[in-house]
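Dear colleague,

Please read the notes with the model open beside you.

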Amino acid sequence: MVADREGGARRRPGRAVAYAVCGAVLLSGCASMPDSGDLRNVESTPRQDTGVRVFAVPPAQGASSSAIVQGFLEALTSDDPQYDTARKYLTPAAARAWRPERATVLADGPSVLPTAPEQSGHQPDTYVLEGRKVASVDGDHAYKPAAGAYRSKVHLSKDPKSGQWRIDALPMGVVMGKSDFQRNYTSVDKYYFATHTRAGSNGRPVAVADPVFVRSKVDPMTEMVRSILKGPTTWLEPVARSSFPTGTALQRGVSGLAPDDQNRLVVPLNAKAAQVGRARCREMATQLLFTLRNLAPTLETVELEGPGERRLCDLDEDGAENVAWRASAQSPQYLYFLDGKHRLVRMPTGAGGTSATPVPGAFGEGTKEMRSVAVSRDDHTVAGISADGRALYVTPLAAAGTLGEPVVTSMGATEDARLTRPSWDARGDLWVADLNPAGPRLYVVDQDTGKPVTVTLPKLSGRITDVRVAADGVRVALVVASKDDKQSLLIGRIERGDDAGDAPAVVDTRPAAPDMELVTAMTWAGDSRLVVVGREQGGVHQMRYVQVDGSTLEGPAPAALSRVTAIAAAEDERAPLVASSEDGIVRLPSGAQWQKVDKDGTAPVYPG
């Protein structure tokens with residue numbers, strides 16, 4: 001049996017981390033390789049959360065061409081660190097050229113079909129892999145949803161000396177079914193800093209989560225450090241920066257990174273990082289700590305080390321939160337909603353009761369009826385959309401605050417063709433869309449000028465019906481309604497010019513909930529995830545979490561709730577999920593069922 005390493009210590013030159021390998025565990029999907037028999041599908045292995053690592057077996061002597069293909073595909077689902085066993089099924093040239101960093105994910109394991117029937121004394125040398133595509137993972141470990149048929153050829157040749165079949169042409173990457181992918185890979189948020197967003201009075205850089213997939217049982221901590229050092233994924237790179245100098249890498253031979261028994265991790269870096277100043281070094285350590293706590297929640301301290309075991313800097317969790325602003329670390333003080341008297345009221349987030357009090361200022365007086373509101377992330381300012389959807393008002397959340405004149409006005413002919421609910425980012429900018437068919441626009445109200453600026457939009461397949469900007473200010477979630485009555489959830493990247501007067505642009509939109517054909521409510525619920533209410537094709541309405549890259553999140557969905565009209569969540573997962581439904585305002589504390597808060601309330605929001 002092969003056991004995973006327990007605990008562990010950092011591996012660095014001259015300090016090896018050893019663990020015993022006593023044999024091989026063969027599970028379904030990594031079984032001993034057949035040397036004869038009919039072709040079959042490579043079935044996806046049922047999800048198994050065991051502590052053992054799964055290794056495949058090398059090709060048997062005299063194995064048929066079909067058995068070589070089957071054995072190779074099964075070896076791809078193993079935990080072999082460098083795919084050494086899988087490479088034994090390839091010719092030397094093919095093994096050198098093959099790049100297993102990429103992956104193609106199919107709905108089920110690939111079907112394997114010969115291009116010619118097997119004849120007496122003659123085995124086929126070409127096979128076709130077929131299936132239905134679900135996603136792909138690129139060389140940056142970035143996940144991307146995919147659809148349509150998959151078809152790729154595998155060619156074999158027989159070695160003239162040994163007489164053994166080996167694969168000499170194959171797809172460039174690994175191919176496996178969805179359940180095998182979920183067993184072998186895990187999603188991890190790696191962190192960078194928003195290029196144009198700073199938060200708070202001291203202008204701290206804002207952390208941006210960049211989700212990637214790494215193999216879950218093959219030294220994931222070391223692989224994540226390498227991924228961080230490589231830089232943001234291609235999609236995020238235009239709007240995010242890394243504090244690591246270009247060319248920074250782990251020292252030669254480093255692997256098996258893991259916290260010690262004091263929950264401290266030492267990361268040995270090459271000479272490129274040796275000359276950075278203290279402030280920049282602390283930003284580098286912050287990126288690592290935010291990222292690696294996803295893999296090791298008990299990790300307390302990261303220490304960066306240069307050549308010769310020279311200590312560069314170290315940082316604990318409190319220090320990291322002082323270095324950078326991160327949405328998921330901000331615990332909202334209040335939940336806000338509109339009560340039956342049209343007043344904006346609030347209640348402490350952790351309160352066990354249901355009593356709410358009006359906020360200070362014009363919105364708490366209820367003299368102007370609103371249909372939706374948004375509170376700035378510092379709880380200092382509130383924005384609201386009038387009941388008819390025509391006007392956006394912004395006012396301080398203070399006793400002396402007055403309503404004033406609308407900041408944005410829509411000329412849409414009907415209420416559903418006017419303004420969406422507003423949304424704030426950590427920078428202090430306010431986002432809202434005008435749905436007027438005669439001139440649909442997305443606006444951002446600049447925190448400095450208080451003036452609305454039209455945001456440049458890409459060509460979309462329909463009209464925007466809802467907008468939620470991420471706290472980091474570099475991503476925005478859009479619900480887009482198409483002419484065939486579908487409503488899709490898209491994530492767009494927000495790019496800003498270097499000049500203060502440059503209008504922002506939303507570019508490169510991608511699906512975040514590709515399986516849903518009707519999204520009726522959504523909001524951010526973490527650094528890289530959202531909670532969505534909607535319906536899959538042919539299904540019923542449901543509420544679930546989705547990842548910004550379109551991947552499927554593990555874990556249970558929120559408890560079912562009927563007739564949800566609005567949803568509120570905080571990036572801090574400890575805050576209860578809140579919704580507006582047929583029962584009024586309800587909330588979902590962790591480990592509990594939905595609880596009534598206010599039977600007449602509407603439009604619940606957390607700051608943001």
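Phe213 is buried, with a relative accessible area of 7% (buried means under 20% relative accessible area, exposed over 50% and partly exposed in between, with a 1.4 Å probe and protein chains only). Tyr143 also counts as buried, at 9% relative accessibility. Please keep in mind that this is a predicted model, in which local features need pLDDT of at least 70 and side-chain atom pairs count only at pLDDT 80 or more, while totals for chains, interfaces and linings use all residues. Residues are numbered from 1 along each chain as its sequence is written, and side-chain values use heavy atoms, with hydrogens and water left out.

The structure holds 8 aromatic pairs (rings of Phe, Tyr and Trp, the last by its six-membered ring, with centres within 6.5 Å; planes under 30 degrees apart are stacked, over 60 edge-to-face and the rest tilted). One of them is tilted, because the rings of Tyr143 and Phe213 have their centres 5.2 Å apart and their planes at 35 degrees. This pair links distant parts of the chain, since Tyr143 belongs to strand β4 (residues 143-145) and Phe213 to strand β9 (residues 204-215), 70 residues apart (helices, H or I of at least four residues, and strands, E of at least two, are DSSP runs numbered from the N terminus). Ring pairs join Tyr143 and Phe213 with Phe181 and Tyr185 into a cluster.

Tyr334 and Tyr336 make an edge-to-face pair, 6.1 Å from centre to centre and with 65 degrees between the planes, and both residues are buried.

A search of the whole structure finds 1 disulfide (a pair of cysteine sulfur atoms within 2.5 Å). It is formed by Cys281 and Cys313, whose sulfur atoms are 2.1 Å apart, and with -85 degrees about the S-S bond the link is left-handed. Cys281 and Cys313 are both buried.

Finally, Arg215 has its charged end over the ring of Tyr83, 4.0 Å from the ring centre, and Arg493 lies over the face of Trp235, at 5.4 Å from the ring centre (a charge sits over a ring if NZ of Lys or CZ of Arg is within 6 Å of the ring centre and within 35 degrees of the ring normal).
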